[in-house]
Each structure stands twice: as C-alpha cells, then as structure tokens.
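Please go through the aromatic pairs and ring contacts of the structure below.

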Amino acid sequence: MSTNIPYKIYLEESELPQSWYNLRADMKNKPAPLLNPGTHEPMTAEELSPVFCEELVRQELDDTTQYFKIPDEIVSFYKMYRPSPLVRAYCLEEKLQTPAKIYYKFEGNNTSGSHKLNSAIAQAYYAKKQGLKGVTTETGAGQWGTALSMACSYFDLDCKVFMVKVSYEQKPFRREVMRTYGASVTPSPSETTNIGKKILAEHPGTTGSLGCAISEAVEVATSTEGYRYVLGSVLNQVLLHQSVIGLETKSALDKYGIKPDIIIGCAGGGSNLGGLISPFMGEKLRGEADYRIIAVEPVSCPSFTRGTFAYDFCDTGMVCPLAKMYTLGSGYIPAPNHAGGLRYHGMSSTLSQLYADGLMEAVSVPQTEVFKAAEEFARIEGILPAPESSHAIKVALDEAKKCKETGEEKTIVFGLTGTGYFDMVAYEKFHNGEMDDYVPTDEEIAASVAKLPKI
Ligand SMILES: *Cc1c(COP(=O)(O)O)cnc(C)c1O
C-alpha cells in the first residue's frame with residue numbers, strides 16, 4: 001500500500017468508465033418487477049414505451065446484462081465534468097483526531113450542482129436517438145430539472161419541466177438556471193393539463209406537490225406527439241447510469257491499493273447510493289469482498305427504517321406503475337418544517353431488495369444534526385454541502401468519532417452528492433433556530449401505509 005495518498009485522487013480522462021455496471025445482474029434475489037396498476041401483471045416493454053424512451057425501457061427491464069457500453073456521445077459529455085474527484089479528507093481527520101481514513105466522492109462540480117446530471121445526459125441522449133422532439137418531467141427542489149435542462153440543451157431537445165408551485169415561487173434562481181438552458185418551466189398545478197385544471201378546481205390556491213407535478217408531466221408526455229416522460233431517481237435505469245460514480249471511486253481507490261471498510265450515502269430515491277455502492281456491492285454479492293454499506297435517511301421521511309416492504313405507487317397521483325419497495329405510502333408527506341430534501345415516500349426497488357436481504361444497513365438522522373454536520377464540514381473541508389449530502393456527512397462523522405474511541409483505523413468512503421448554494425433558505429432556518437426535528441408517530445405512518453394497494 002502506498003503511503004503518499006494525495007488530497008485529491010483524480011483519474012485520467014482515459015480512465016473514465018466505458019460501461020455502466022448493472023448491479024441487478026449479480027443479484028440472486030432480483031428486485032421485484034414493476035406491475036401494471038390496473039391488472040397487477042408485470043409491466044411489458046410495450047406498456048412502458050408510450051411513457052418512456054425505448055432504450056431506457058430495455059435498460060429498465062434488463063436484470064441479466066452485467067455491463068452496458070456508454071455511448072461515445074455520453075462519454076464526451078461526461079468528459080466536461082468527469083472524472084469527479086475522490087477527496088481524502090485529511091483536514092477533517094486532523095480536526096477530529098481520528099485514526100479513521102475518510103474519503104468523499106464529490107459530485108457537485110457541475111453547474112447543476114449534483115450527481116443528477118449523470119443520468120440526465122443519458123436519458124436525453126436516448127430520447128434524441130429515438131428521434132423524439134422533447135421530454136417532460138417534474139422537479140421539486142429543482143436539482144433534477146436543472147440537470148435535465150442542461151442535458152436537453154446539449155442534444156437540442158425540448159424540455160418541459162413541471163415545478164411544484166411552492167418551489168417555483170420560493171426558488172426563483174433554480175427556475176432561471178433551467179430557463180437559461182432553454183427549458184420551459186411551468187408551476188404545478190397548472191391550467192395547461194386536464195389533471196392540473198381538475199386539481200385547481202378542487203383545491204383552489206394549492207401550492208402543489210411532487211405527485212401532482214408527476215401526473216401533469218406524464219399527461220403531457222403521453223398526449224403530445226414526439227414526447228416522453230423521464231424520471232431522475234428510483235428507477236433501475238437511473239441506478240445503472242449512476243454506477244459511473246461507484247466505478248470511478250473504485251478505480252481511484254484501486255490505484256492506491258485502498259480497500260474501504262464502510263461506504264456511506266444519503267438515500268432519497270436511492271440513485272446516488274445505488275450508483276456509489278454498485279461495484280462494491282457486486283463484489284459482495286459474488287463473495288469476493290465484504291463491506292459495511294450504510295444508507296442514511298431523514299427521521300422525517302424514514303422509508304428504509306420505518307417503512308413497509310410492499311408494492312406501492314411511485315407517485316401520489318397513482319398513474320405510474322407499482323414498484324415493490326420500502327415505502328411510507330404514496331400519500332405520505334414529510335412535516336412542513338422538513339428542509340433537508342430526501343422527501344420521497346419510497347425507495348429504489350433494487351436497494352430495497354438488498355436491504356431486505358441484509359446486505360446493507362440503514363439509519364435515520366434528525367435534520368438539526370444534519371445541518372450541524374454540514375456546517376462542521378463546510379468550515380473544515382471548505383465545501384458548502386447540499387442538505388441531502390449532509391445526511392451522509394453526519395454518519396461519516398459519527399463513524400470517524402467511533403474510531404477515535406476504539407482506536408480502529410477504518411477506511412470510510414462517503415458520497416458528497418452536491419453543493420448547497422441553492423439551499424440557503426434551509427441553512428437560514430437552521431441559523432435562526434427555526435428548525436425542529438419532527439418525528440412522525442407510529443400512528444401517522446400506519447395510517448399512510450394502510451392505504452397501500454392490495455396486491
Ligand atoms: C436528488 C438528490 C439526492 C437524493 O436522490 P437519490 O436518488 O437518493 O440519490 C441527494 N443529493 C442531492 C444533491 C440531490 O440532488
């Protein structure tokens with residue numbers, strides 16, 4: 001093992017992954033298939049293709065092909081902001097006086113500010129290749145909409161984003177980044193769709209929800225010639241594209257003969273974590289190595305730690321296929337004071353199966369602790385982290401502090417998924433002491449889970 005490990009381990013451009021790794025190929029217990037919400041039969045490619053791009057449907061349903069070659073056009077785009085650095089957190093180790101060795105993979109070095117661009121560019125590419133005119137999607141906080149608008153402008157595709165009305169009004173800067181890249185951004189619910197009109201008639205003055213925005217985006221995609229709907233997390237295809245994070249991380253570590261003991265990531269819909277852990281989990285599944293893998297989620301949206309492993313709707317509008325996953329129920333909405341992101345009610349079906357099989361752990365953390373960790377990290381390592389990413393920071397700090405007590409020299413790797421520049425309202429709440437740690441009661445969760453579809 002080399003002792004001279006640099007602060008930043010960069011890969012050469014020529015070392016960029018040339019294929020995505022499909023973790024499902026190495027799973028003995030495959031994730032359960034998506035089901036048609038009407039018939040409860042597995043969704044076929046024919047049923048999925050009016051909604052999603054053909055090649056993406058193929059990737060979604062393929063759980064046997066180990067590697068998918070990354071098309072040259074996507075590799076060229078990746079070269080503009082990848083490989084992303086793997087940073088050795090020497091300053092943090094010093095400050096904590098821990099014998100632990102801490103590394104983080106930083107995905108916030110692109111204009112969209114997060115890892116979401118890795119899948120956005122792939123989805124835009126396949127839409128273009130199919131000869132489509134454009135794509136539709138929803139966005140809540142705005143990271144996905146921003147990433148997708150960048151990707152669509154690169155391939156000269158139209159991009160229609162339905163942005164939850166409250167975010168549209170409260171996050172004007174995200175909105176303007178999307179418009180800079182040529183996307184049209186519509187506050188949801190809107191008068192431009194039937195479902196939007198219906199919701200507005202029933203709930204005048206509503207500030208919208210992710211579920212409603214999904215329903216509007218799907219309606220436009222399926223009723224407009226040459227359009228399809230795209231999604232930024234949860235789906236198998238998104239985890240496949242995000243495997244680029246894990247493959248780069250592994251190559252960088254291998255260069256210096258480093259083997260991690262613990263791998264930590266935040267979990268919203270599961271795409272960054274699924275991507276980061278993929279090659280490591282692959283080794284674990286094939287019996288070649290062992291790692292502790294920890295998913296971190298908010299106490300206010302605890303799908304892994306307090307959810308039920310069952311079939312559920314992927315959206316509040318109940319228009320999308322059913323997925324078997326750890327879920328809090330598709331009607332579950334985190335407390336209004338929740339500011340840290342990761343507010344999706346379910347979890348990727350691939351990660352859900354791995355968790356059910358005992359191959360990974362999950363913990364939930366309160367948001368005030370998350371922001372404390374974010375501030376500590378910003379002050380020591382210099383990077384202003386996204387609140388979502390700070391969930392992983394919090395648990396990495398906890399594990400490093402444990403090593404200080406036990407004297408163990410563990411190697412910890414965590415995913416730093418993005419920057420927090422557009423989240424300063426949340427930081428402001430924290431600084432003003434206006435943030436609390438609402439923990440949902442068992443009754444609230446039970447009431448939401450009671451509405452799961454009966455399969
Ligand atoms: C969207 C997002 C997440 C959570 O999504 P996953 O699909 O769970 O990865 C985490 N961090 C950042 C910065 C994000 O934008």
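This is a predicted model: local features need pLDDT of at least 70, side-chain atom pairs count only at pLDDT 80 or more; totals for chains, interfaces and linings use all residues.

Tutor: Residues are numbered from 1 along each chain as its sequence is written, and side-chain values use heavy atoms, with hydrogens and water left out.

Student: Why is the pair of Phe-52 and Tyr-229 called tilted?

Tutor: Rings of Phe, Tyr and Trp (its six-membered ring) pair if their centres lie within 6.5 Å; planes under 30 degrees apart count as stacked, over 60 as edge-to-face and the rest as tilted. Phe-52 and Tyr-229 have centres 6.0 Å apart and planes at 45°, so the pair is tilted.

Student: What makes Tyr-229 count as buried?

Tutor: Buried means under 20% relative accessible area, exposed over 50%, partly exposed in between (1.4 Å probe, protein chains only). Tyr-229 has 1% relative accessibility, so Tyr-229 is buried. Phe-52, at 10%, also counts as buried.

Student: Why is the pair of Tyr-326 and Tyr-355 called edge-to-face?

Tutor: The centres are 5.1 Å apart and the planes 75° apart, so Tyr-326 and Tyr-355 form an edge-to-face pair. Tyr-326 is buried, with a relative accessible area of 11%.

Student: How do you know that the charged end of Lys-324 sits over the ring of Phe-309?

Tutor: The definition asks for NZ of Lys or CZ of Arg within 6 Å of the ring centre and within 35 degrees of the ring normal. Lys-324 lies 4.5 Å from the centre of the Phe-309 ring and is listed as sitting over that ring. Arg-175 lies over the face of Tyr-168, at 4.6 Å from the ring centre.
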